Amino acid sequence: MSGAALLSARELRVERRSRRGSFTLQIDALDLRAGEVLAILGPNGAGKSTLLRALAGLEHPARGAIDSAAAGPITLVFQRPAAFAGSVAHNVAAALLGRGLERAQLERRVREALERFEIASLAPRRAHTLSGGELRRLALARAFVLAPAVLLLDEPFDDLDASGQASLSLDLRRAIGDTGVAVAMVTHDLRRALLLADRIAVLLEGRLAQIDRRDSVLEKPRTPEIARVVGMSNLVRGVVVAAPDGGRRVEVDAHHAIPVRTALETGCGVWAGIRPEHLKIDVGRGGSGIAIGKAVVRSVVDDGVAASVALAWAGEELHTHLLAGRGLARSLEPGALVVLAVQPEHVHLIPVAEAPRAAG
Amino acid sequence: MATLETALIVEITLRTLAICGAALLVSLALGLPLGIALGRRHFGGRVALVSLVNSGMGAPPVVVGLVVALLLWRHGPLGVLHLMYTPVAMVVAQIVIALPLVVGITLAAVGALDEDWELQVRTLGLPPRWRRGLLLCEIRLGLLAAVIAAMGGILSEVGAALMVGANLEGETRVLTTAIVMYVGMGEYEMAIGLAAVLMGLMLVLTGVLTAVQQSGRR
């Protein structure tokens, strides 16, 4: 699916100074490959948008450079897209101005771009009257009408409601699939990123902390900070010890331990990471994994789709997800005592001493 | 008598349009690029320059006339050009009055755009000529407001025109200076006629410009 590098950042250093202080983005090596979708994740202020602007050529690096092997345009859709004066159709056509296209050709491309993002019916409307979601679709149509080789997206789902995010992410996935454009996308929405991304890059404090295939980063984050960014929110510190069955487990305290599969030596200090979807409430039907002890329900937050359950276990707060409105999610009350279980292969261990570094 | 007065009114009106039109064109040619540059670029001394422009927007025309008169006076720094009491002197004074209005209103229109508006246009990879076209289209309401303000300032100005033009018959007499003169002479009928023409001009021109300005808002 992905091929040669279209954009390459090497030894890149971008310095920004503002009234709020200074910030440095430093990227040793980063490639955006043909045909791939690279999701750039990180907490606020990590430098995600700065990196995207640098890739778009809108930043002046203090050191290093961005090399482009892209045969077509490189375009950026901003977090807050601008509506130009005039109609929606005029806004999309504006991207093709001065390119020597015949009128019929221009109109066909504009129509196709509007239809791709399901805003053809809005064509005659003044762009300044669009809602946030419609404007975002207009910005994407304006970018896709250029037939870009590289598309850079800054928080494409920001400020959209859940249904707007869902429908736009599906349209975007279809458009990316149809055109084969290489995409680098900054987002804080992990679910949308996972829907689209082939690879994930995690930025922390202006540095590339990890970049790898989507599943590798999700399942094997290199540091606790990366784990939190990619949704591995259950992180418990412990020590690898031998289990009575000859295997290994992570001992959290005298009464709590988590079964694991690892080649790490006993005595090794680790963070045990469990994704919420892999932490189960054992209801005695089997299949949930190996029981790790009792926990007290702290809260149940039901958004109509999923219920997020916070649990107190070994002095830590852990989280698990349940389907909303179904049996267990409806019966759980704060204060209830439940048994937690986990499959050993779903526990990711991060040695405490390991320093964060980028991997390719 | 009536025919003679009509011919006089037409002559004064045409001269007014020529002098004011020239001043307006030069003010726009200089002021629009300057206003756009001041609105988009950040450089040392910009705040001082913007402050100067804002002060100029409120400068009393009679003071502007005095300054231009001192410059063009026979013994002034530009006296060798022999421009005093000529239509050119009036055009110069009117440019000094209108230029800050054009620059100030244009830079306010550019400044009202989102900070990254221009970056968003840049990422579309448009040639510079088309980028400028999009910018002018985006700030067109402000631009037309600048034109209307400058035209109003120039057409209604009398103090500077009298000072550097001297209201010479057949040479520098324009609608405003003629009205002042006829009132001074007690010929109210002629003064009212000229005032009606001046008001008519203002209404027609601002009406046309306003129609153009608001046409894009549908």
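Which helix of chain B is B:L72 found in? B:L72 sits in helix 3 of chain B. Helices here are DSSP runs of H or I with at least four residues, strands are runs of E with at least two, and both are numbered from the N terminus. The model is predicted: local features need pLDDT of at least 70, side-chain atom pairs count only at pLDDT 80 or more, and totals for chains, interfaces and linings use all residues. Residues are numbered from 1 along each chain as its sequence is written, chains are lettered from A and ligands numbered from 1 in the order in which they are written, and side-chain values use heavy atoms, with hydrogens and water left out.

Start with chain B. Chain B has 10 helices and zero strands. The C-alpha trace of chain B spans about 65 × 45 × 25 Å along its principal axes. Of the 218 residues in chain B, 42% are buried. Buried means under 20% relative accessible area, exposed means over 50%, and partly exposed lies in between (1.4 Å probe, protein chains only). The accessible surface of chain B comes to about 11100 Å², and 71% of that belongs to carbon and sulfur atoms. Accessible areas come from the Shrake-Rupley method with a 1.4 Å probe; for residues, only the protein chains shown count as cover. Contact means heavy atoms within 4.5 Å. Among contacts in chain B between residues at least 6 apart in sequence, 72% join residues at least 24 apart.

Now return to helix 3. B:L72 counts as buried because its relative accessibility is 5%. Leaving aside neighbours within four places in sequence, B:L72 is in contact with B:L78, B:G79, B:L83, B:M84 and B:A89. B:L72 and B:L83 are 11 residues apart in sequence and 6.3 Å apart in space, C-alpha to C-alpha. B:V67 also lies in helix 3, residues 61-72 of chain B. B:V67 has 44% relative accessibility, so this residue counts as partly exposed.

Next comes the interface. 23 residues of chain A are in contact with 19 residues of chain B. The two chains, A and B, bury about 1700 Å² between them, 60% of it on carbon and sulfur atoms. Buried area is the accessible area (1.4 Å probe) that two parts lose on being put together, summed over both. One salt bridge crosses between chain A and chain B. A salt bridge is a side-chain nitrogen of Lys or Arg within 4 Å of a carboxyl oxygen of Asp or Glu. A:R53 forms a salt bridge with B:D116, with the closest N and O atoms 3.8 Å apart. Strand 5 (74-77) and helix 2 (88-94) of chain A are the elements that give two or more residues to the side of chain A that touches chain B. Strand 5 of chain A gives the largest share, three residues.

Salt bridges also run within chain A. Side chains of opposite charge can pair when their charged atoms come close. The structure holds 21 salt bridges over all chains. A:E36 pairs with A:R199 in a salt bridge, the closest N and O atoms being 2.8 Å apart. A:E36 lies in the loop between strand 2 (21-33) and strand 3 (37-41) of chain A, and A:R199 in strand 8 (residues 199-204) of chain A, so the pair ties together parts 163 residues apart in sequence. Both A:E36 and A:R199 are buried. A:R261 forms a salt bridge with A:E345, at 3.4 Å between the closest N and O atoms. A:R261 is exposed because its relative accessible area is 61%, whereas A:E345 counts as partly exposed at 44% relative accessibility.

Finish at A:Q210, in strand 9 (residues 207-213) of chain A. A:Q210 is buried, with a relative accessible area of 3%. The side chain of A:Q210 reaches the backbone nitrogen of A:R222 at 2.9 Å.

Notes: A polar contact is a pair of N or O atoms within 3.5 Å; within protein, one must be able to donate a hydrogen and the other to accept it, and residues adjacent in sequence count only if both atoms are side-chain atoms.
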